[in-house]
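I opened this model to go through its helices and strands. My notes follow, in the order I looked things up.

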Amino acid sequence: MRIVAALGGNALLRRGQRAEHTLQQQNVRRAVRALAPLATEYELVVVHGNGPQVGMLALESAADRDLDQPYPLDVLVAETQGMIGYWLAEALSAALPGREVVTLVTRTVVDGNDPAFARPVKFIGPGYGETAAGTLAADRGWTLRRDGRRWRRVVPSPEPVAVVERPVIARLAAEGVVVVAGGGGGVPVAAGDDGTLRGVEAVVDKDLTAALLAGELKADALLLLTDVPAVLRGFGTAHPEPIARASVAQLRALGLPEGSMAPKVDACGRFLAAGGSLAAIGALHEAGAILAGTAGTRVDP
């Protein structure tokens, strides 16, 4: 059995936590404690988010007066792939003695004319109060939107078309290597007029990349692991209700947030439509129970 597990960036750096590397490494080790049992039984490919981390690097780059211009998002996505991928590989190797683990800097092809470039929806970075958000929008030209009680920066999130390193990932997984790939949705690249791939200013949704990769790898299961126990009916209200099982259509009818839960439901639908057997959403620490069907939200076609 082959599993693609996508870890949310907010599961690796929890909401409200400072972006200290020691805290993030502790969270990664907790994540690996949930993933390691899966890797002992099945082929495992791990995709991870990077919303808080890429936002942090973007802030630092924008504030660096020694730079003529901030680093572009594609470069920052590559940086977070290296940082988080290193932590995951280190923790997985410690938890799985004798098992080979590798992290791949991975590129994801997008369409340079995707209309998403004109409609930013992907949340990155920390949350701000409304006044601070207005100042950032005016000073830096950023687009910010409400995310719960706070405001966060949003950036373009074009559709993933292909994963450049997919053949290598497939060979490694078939040999029993635990592969960390597609971090942050992959470094976004688009073909120029000459066919050469070049980085673009965007952050691809990691769940959609995970679904694309899972379909191309003919994975049996897609687990989207985050910081909430399940898809919640009435999220943000006083009495949210976890949904144990529902169809893609039923979940879409809930009007889920575009920058967070809605792409997860879309990712599950795409994976199932591509022939996948099991797609589920839930809390990272319950990965094994989600696979077994006793936790999280099981998504039906």
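**Entry 1: helix α7**

I began with helix α7, residues 206-216, which is mostly covered: 8 of its 11 residues are buried. Buried means under 20% relative accessible area, exposed over 50%, and partly exposed in between, with a 1.4 Å probe and protein chains only. Helices (H or I, at least four residues) and strands (E, at least two) are DSSP runs, numbered from the N terminus. This is a predicted model, where local features need pLDDT of at least 70, side-chain atom pairs count only at pLDDT 80 or more, and totals for chains, interfaces and linings use all residues. Residues are numbered from 1 along each chain as its sequence is written, and side-chain values use heavy atoms, with hydrogens and water left out.

I listed the buried residues of α7: K206, D207, L208, T209, A210, A211, L213 and A214. At the start of α7, I found a side-chain oxygen of D205 within 2.9 Å of the backbone nitrogen of D207.

Axes here are lines fitted to C-alpha atoms, for helices over the stretch in contact, and angles run from 0 to 180 degrees between N-to-C directions. Contact means heavy atoms within 4.5 Å.

**Entry 2: K218**

I moved on to the loop between α7 and β12, where K218 lies. K218 has a positive phi of about 55°, although it is not a glycine. Is K218 buried or exposed? K218 counts as exposed because its relative accessibility is 69%.

**Entry 3: the open sheet**

I traced an open sheet of 8 strands with mixed pairing, in the order β3-β9-β2-β1-β12-β16-β17-β15. Two strands pair if DSSP finds at least two bridges between them. β3 (101-103) and β15 (245-247) are the edge strands, each pairing on one side only. The twist averages 20° from one strand to the next.

Next I looked at strand β16, residues 278-283. 6 of the 6 residues of β16 are buried, so the strand is largely enclosed by the rest of the structure. Strand β12 (residues 221-226) pairs with β16 in the parallel sense over 6 bridges. I noted A221 with L278 as its bridge partner in β16. L222 stands opposite A279 in β16.

I also checked strand β17, residues 297-300: 3 bridges join it to β16, and the two run antiparallel. The bridge partner of I281 in β17 is T297. Helix α9 (residues 261-273) lies across β12, β16 and β17, running at about 160° to β16.

**Entry 4: β5 and β7**

I looked up strand β5, residues 122-128, and found it mostly covered, with 5 of its 7 residues buried. β5 pairs with strand β7 (residues 150-155) in the antiparallel sense over 4 bridges. F123 has V154 of β7 as its bridge partner.

**Entry 5: α2 against α4**

I finished with helix α2 (residues 21-41) and helix α4 (residues 73-95). Their axes come within 9 Å and cross at roughly 45°. α2 and α4 are therefore oblique to each other. Angles under 35 degrees count as roughly parallel, over 145 as roughly antiparallel, 65 to 115 as roughly perpendicular and the rest as oblique. From α2, the contact is made by H21, Q24, Q25, V28, R29, V32 and A36. From α4, W87, L88, E90, A91, L92 and A95 make the contact.

Notes: Polar contact = N/O pair within 3.5 Å; in protein donor to acceptor, adjacent residues only side chain to side chain.
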